[in-house]
Amino acid sequence: MSQPLRILIADDELVARKRLARLLAAFPDVTVCGEASDGEAVINTVRAGGVDLVLLDIHMPGLSGMDALALLPEDGPRVVLVTAHADHAVDAFEHGAVDYVLKPVEASRLQKALERVRARLAPKTPEPGRTSAVEQLARPLARLPIPTRQGIVLVDPETISHATLEDELVTVFTSQGDYLTDFTLQELVDRLPTEGFYRVHRRALLNLTHVTRLEPLETGGYLARTARGHTVEVSRQSARELRRMLGLRRGAEDESGA
């Protein structure tokens with residue numbers, strides 16, 4: 001049995017905290033390790049340790065949820081924003097949030113958010129042996145269908161290096177060519193395999209298997225260079241996430257002269 005997901009509920013409204021706690025009680029392998037009513041309490045609880053996930057409201061007294069998110073340590077817990085306001089989603093993802101859930105929270109939507117968090121926390125090494133039929137059916141599609149003027153192009157996800165949003169249009173960059181698509185970046189995240197693909201900026205999705213170099217920026221982020229010579233900006237918060245995944249300390253890339 002896997003270790004329970006330890007969740008901190010952060011909301012200035014007691015009713016909202018109780019609702020989330022009630023919904024979480026129905027999920028297996030989940031435990032509520034604490035509650036916080038403001039951003040400062042979130043920071044203090046996280047620093048004390050023992051938190052895997054923060055369900056974080058945005059509008060709280062003192063430090064807001066977005067302020068607290070920016071101050072969390074690089075090796076801290078994953079964060080899912082839970083709010084009644086849809087207009088902060090772009091900033092939330094840019095600051096490294098795993099998901100953005102609108103109130104009133106439904107059990108099915110909360111379950112999806114927890115699944116995304118578990119996918120981020122799960123080890124990436126595949127288990128030996130055959131894959132069952134049920135597991136095969138649960139996998140994302142083997143090809144990503146992208147409608148074009150010449151017809152629907154079926155793209156192998158492994159050939160996708162990155163996708164960017166420019167002037168409200170998303171371009172998918174692959175080893176075979178580049179394609180405009182009606183998919184949003186978030187829809188691509190939902191359709192593509194969880195392994196390798198990361199939302200590194202509010203306007204960019206990146207496949208790390210195609211990255212040859214990460215160049216530090218003065219902002220604290222990175223400029224990722226792909227095998228085809230493209231560059232993709234990685235936000236400061238996403239850079240923190242990448243360092244954590246790659247096992248790098250802050251500044252380690254500078255010390256090595258990379």
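I looked up the lining of the largest cavity by residue class: it divides into six nonpolar, four polar and five charged residues. I counted Ala, Val, Leu, Ile, Met, Phe, Trp, Tyr, Cys and Pro as nonpolar, Asp, Glu, Lys and Arg as charged, and the others, Gly among them, as polar.

I worked on a predicted model, in which local features need pLDDT of at least 70 and side-chain atom pairs count only at pLDDT 80 or more, while totals for chains, interfaces and linings use all residues. I number residues from 1 along each chain as its sequence is written, and side-chain values use heavy atoms, with hydrogens and water left out.

I found two cavities of 30 Å³ or more in the structure. A cavity is a set of points, on a 1 Å grid over the protein atoms alone, where a 1.4 Å probe fits but cannot get out; lining residues have an atom within 4 Å of a point. Points are joined across faces, edges and corners, and a volume is the space filled by probe spheres set on them.

I recorded a volume of about 130 Å³ for the largest cavity. Of its 15 lining residues, Pro 77, Gly 96, Gln 237, Glu 241 and Arg 244 are the closest to its centre. Strand S4 (78-83) and helix H8 (236-246) are the elements that give two or more residues to this lining (DSSP runs numbered from the N terminus: helices H or I, at least four residues; strands E, at least two). H8 provides the largest share, four residues.

I then turned to the second largest cavity, which holds about 100 Å³ of space. Its lining includes Phe 93, Arg 120, Tyr 198 and Leu 242. Strand S11 (197-201) and H8 each supply at least two of its lining residues.

Notes. 1 Å grid on protein atoms, 1.4 Å probe; cavity = no way out; pocket = protein on both sides within 12 Å on 5 of 7 lines; lining within 4 Å.
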